[in-house]
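Colleague: I am new to this structure. Could you take me through it, please?

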Amino acid sequence: MLGENDFNNPDLLEEVQTDSQLKEWLVEYVGNKFANPDSALVNVEMITEVFAKEFPEFLLAVAEENWVRGYHQALEDINDAKKSNS
């Protein structure tokens, strides 16, 4: 059976590079929320946590869109496999 650690994405722990104004603002905002004096590192996981608490409807919309696209792609893949087996 799969556990929670089986789904961890190492990219979530990568430091976010501030190569745009939005990222600069977001990294500063999230960094202030976590207020870790030992590290100025802000990663995607931290940003996701802040969005989940403060703007869950945004994350829900992204997750729903991702799920629908994935489901649609799976159906297309099944149909393509059926056609190639005929």
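Modeller: The protein chain has an average pLDDT (the predictor's confidence in each residue, from 0 to 100) of 87, and 91% of the residues score at least 70. This is a predicted model, in which local features need pLDDT of at least 70, side-chain atom pairs count only at pLDDT 80 or more, and totals for chains, interfaces and linings use all residues. Residues are numbered from 1 along each chain as its sequence is written, and side-chain values use heavy atoms, with hydrogens and water left out.

Colleague: Which residues make up the largest nonpolar core?

Modeller: Eight residues form it: Val16, Leu26, Val27, Val30, Val42, Met46, Ile47 and Val50. Such a core is a set of buried Ala, Val, Leu, Ile, Met, Phe, Trp, Tyr and Cys residues joined through side-chain atoms within 4.5 Å. Buried means under 20% relative accessible area, exposed over 50%, partly exposed in between (1.4 Å probe, protein chains only).

Colleague: Which elements give two or more residues to this core?

Modeller: These are α1 (21-34) and α2 (44-54). Helices here are DSSP runs (H or I, at least four residues), numbered from the N terminus.

Colleague: Which residues of α1 are buried?

Modeller: Leu26, Val27 and Val30 are buried. They lie on the same side of α1, because they cover an arc of only 100° around the axis, taken from the directions from the helix axis to the C-beta atoms. These buried residues pack against α2.

Colleague: And what does Val30 touch?

Modeller: Leaving aside residues up to four places away in sequence, Val30 touches Val42, Met46, Ile47 and Val50, where contact means heavy atoms within 4.5 Å.

Colleague: Which exposed residues does the face turned away carry?

Modeller: On α1, that face carries Gln21, Glu28 and Asn32.
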